[in-house]
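Hello,

Here is the structure we talked about. Please open it first, then read my notes below.

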Amino acid sequence: MAEQDALDQAGATRLRTIITAGDELGDAELLGFALDHAVTESGGLGGMVHLRGPISPGLLLMAAHGLARTVARHWEKIEESGVGAPARAVAGGVPVWAPARTGDARGPALPAGCGLLAVPLVTPGGVAGVLSVLMDRAQEPTRRQRESVETLAAWAAQRLREHSSAPWPTEASPDREDRDRDDAGWDGHVRQEPPATRLRHALKALRVGSWEWNLATGELVWDEPTLALFGMDPGTPKQSFENWTSRVHPDDLPWVLVEAEQAIRHRRVFSVEYRICRPDGTTSWASARGRVLLGQDGQPAGMVGTVYDTTESRIARDAVNRALRHMSDAFLAVDSEWRITFVNVEAERLLGTPRTLHGRTLWDAFARLGVDAAEPGLEAHCRQAADSGAPVECEVRWPANERWYHMRLVPVPEGLTVYATDVTERRSREEERAAAERAAAERTARITDLTNALAEALTMRDVVQAIAERVLRPFGASGLVVQLIEGKVIRVAGAVGYPRAFLDSIDGSPVGDVSPIAEVYYSRTPAFVGSVEEYIARYPAMAWRPGAADKAAWAFLPLTVSGRCVGCSVISFTEPRHLDGEERALLTALSGLMAHAIERARLYDTEHNRAKELQRGLLPRTLPSLRTVTTAARYLPASEGIDVGGDWYDVIPLSGARVALVIGDVMGHGLSEAATMGRLRTAVRTLADLDFPPAELLTRLNDLVNDLGDDSYATCLYAVYDPVSTTCSFARAGHPPPGIVLPGGAVQFPGHSPDPPLGAARPPFETVEISLPEGSLLVLYTDGLIESPTRDIDRGMRHLANALSGAITVRGGREPLERLCDDVLAELLPEKELTQDDAALLIARTHATTPDDIAAWPLSDGPIAASEARDHVRDQLARWDLDPLIMTAELLVSELVGNAVRHAKSPVGLRLLRGESLICEVSDGSLTTPRIRHAAETDEGGRGLQLVAALSQRWGTRYTATGKCIWTEQQMP
């Protein structure tokens, strides 16, 4: 509220200032001044002032502001009985607000979405006219807007009375006979003054005369100001057509009559300015404006209008014309019909001589010079300025002299003025400055783009590619080679655009004493060679190199990092090229960026190669080829960073044709985690050789991780597949469950809630046993394959299941496991997708041992068991066509059964398995573990296990649910 009061006070103060300034005005300036400020103070689009007609009824347009010519001409005259806001304001004597009408038979239209505020000009004698303001919205004007317009309208009406040469008539005045013709007034009472009298006084106040011309009789009716202007007797208001023409200057009469005849014929506004020759011998200028009146038959019957003395303004305009005539800028004026009315000297130079320009249309002058073809938008700009009533500015290239001109198109009441200023030099300076700014911006953009690309580049290959893409093309270069200096030897770190043979010839060559590389390396300053001749002259010992490289110009840039030069970057050109100072400075600046990126990439490549070598050394180089399982594995390191990861996997053959499948993940990245992974993998192999079951093996592995420290954690899944029983038992510590794909079945993830990771778990671990028929797939993986910042583990497992199902369906179910691994990785870890964790994948297809390859027998108690065992071995190996193994197998079985009878307890059993090797297993009910000991020369026993170890390829002991089993393996023939 306080802010609104402050605005109201400021508006009131501004209005008082405007009115005070307007008190000094007079004559025809009054209405225009009031209208201009009414539009400005109310925020309107434009406005009009109408006064009541002196003779014929209606409201005549006396002043306009901000209205396009096409709009204003519809408001030249308004019927007092109309429905528009101005007519209603005059009829009611009160302000009227009305949204814009689309037009009807009684009133003109205004632009859609606007409104018109009409305020009557109320005088003591009645309503003399109306001041209207066009608003740019159809909502009610605010109180402050209304008050601004009403205050200025009231002030204008008061000034009309003050400027009148006689008091406003009353009922007792001599004009009573005129007023008797009027009926009831705007306020419902008898009118105090007829419209003709009120307008006469208003026009007299403005020193504007009015006239009416009867076309049928040629009679002219003039009021007092008109008679005074022409030097006529004030008592003779009626004049003949000849009286008027006799007062018009002979030089102006012909074209004035032509204008009148054209206005009557085409029924348009008659607007002329001509000279008057008074009887006293003086000459003055007058401006006349009239409107054609139609008779009952629809034909022109008369004309009504106004006239006022423009001598003073003409004198001022002549002075202005003289100034305009010789001004440095081109200036011309056209009337409402686009006819050229004035051109100055500079405009004549652009358009032609005055004899060929005056009276011609602007479009003809443009067409003769080809301006309309060269600058087709200039005509549109001219018409836009005339129609909108607002100045328009543009710049055009003049076809006659190929110079640039700033065109300012300013609409005026009589037409349009055109100012043309030569801006060629300014434009040239601006273009040069813009070109320099563009060049600077381009250099900055190049440096920024190269900086960003080099910041993202990791390897030397990435750096060389980034430099080649962002440096070679802008400079028109064709080759790039990065040469690092190791000791005194050149090593090519990367190249683009050079033959392989040339690169091989310089890789490993000495730096030398006289060579461009030596010059740059020792001086740490760039060297630029613009041609082959210059190269040979400077380095004659290397004259063969330009031809071998197919290059003709070079820029040798030192790679300086932390004050030391590590090598040289060579940018070369196919054609001779002499780089200017700006290009040399830019390349020198870019070489600093390249040097740091190349050094960083060199260190990265070194560390990355070391990490890869360490990773390869810790993982299995090859997986064993077994008859019981077919396996394939993949390891994908993280794409972000160079640290090695802790993911690992292994396939370990066990006794009894069984196989252990293990996968694990040490949490974290780095050398410490990689070392922990290597220790765990070694421990698992050792514990697997002892034939520990999965839960027992994880328990012992957990103890090992606990001993590494509180910050060491790892996940692990250990599975054992038995091809005889076609079962798989596994235990897991914090690891995702295995994926099982049964033949022709869907993917499933068997398991339970996982035990905590190694290092945080508390044994015992839970063991899960599942059945795996022939051809089943066992899929082991680490969390890096299924989990990411945008994918949780559950969603990742579903994604893995879909990938497995899709790959198996497409390839028919018996596809190679190597290809299956690639398909799964491509689906879960796309090639261009950055990963933050390592991923390991191990897939095994199971194969069952057929019944024909299994033979088992229970043995009797006592010494006879050894004989029975030898008989079974001899007969079975004969059936398997393994006769070369019979003798050794009999000895092994005899020794093992003898030990079981002597040192263990029943039941004793024998089983033979035929696979990659011949497996002999002797089981008993004892948990004692046999151990090899060194027997003395005098001992009679203690040499049995030594014999077993010597005759078998491998042997060992494992515990079963009922006791233990001692097994041996013999190599198949």
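**Salt bridges and confidence**

Glu921 is buried, with a relative accessibility of 4%. Its partner in a salt bridge is Arg911, with the closest N and O atoms 2.7 Å apart. Arg911 is in strand β34 (residues 908-914) and Glu921 is in strand β35 (residues 917-924), so the pair ties together parts 10 residues apart in sequence. Arg911 is partly exposed, at 21%.

Keep in mind that this is a predicted model. The mean pLDDT of the protein is 81, and 85% of its residues reach 70 or more. Residues 102-106 fall below 50. So do residues 165-196, which stay under 50. Where pLDDT is low, the predicted coordinates should not be read in detail.

Back to the salt bridges. The whole structure holds 38 of them. Here are two others to look at.

- Glu425 and Arg403 meet at 2.6 Å, N to O. Glu425 sits in helix α17 (residues 424-456) and Arg403 in strand β16 (residues 403-412), so this pair joins parts 22 residues apart in sequence. Glu425 is partly exposed, at 43%. Arg403 is partly exposed, at 24%.
- Glu890 and Arg874 also meet at 2.6 Å, N to O. Glu890 belongs to helix α30 (residues 886-903) and Arg874 to helix α29 (residues 864-879), so the pair links parts 16 residues apart in sequence. Glu890 is buried, at 15%, whereas Arg874 is partly exposed, at 35%.

Which residues form a network of salt bridges? They are Glu395, Arg426, Arg427, Glu430 and Glu431.

Best wishes

Methods:
Residues numbered from 1 in each chain as written. Predicted model: local features only at pLDDT ≥ 70, side-chain atom pairs only at ≥ 80, totals over all residues. Heavy atoms only, no water. pLDDT = per-residue confidence, 0-100. Contact = heavy atoms within 4.5 Å. Salt bridge = Lys/Arg side-chain N within 4 Å of Asp/Glu carboxyl O. Helix = DSSP H or I, 4+ residues; strand = E, 2+ residues; numbered from the N terminus. Buried < 20%, exposed > 50% of the residue type's maximum accessible area, 1.4 Å probe, protein only.
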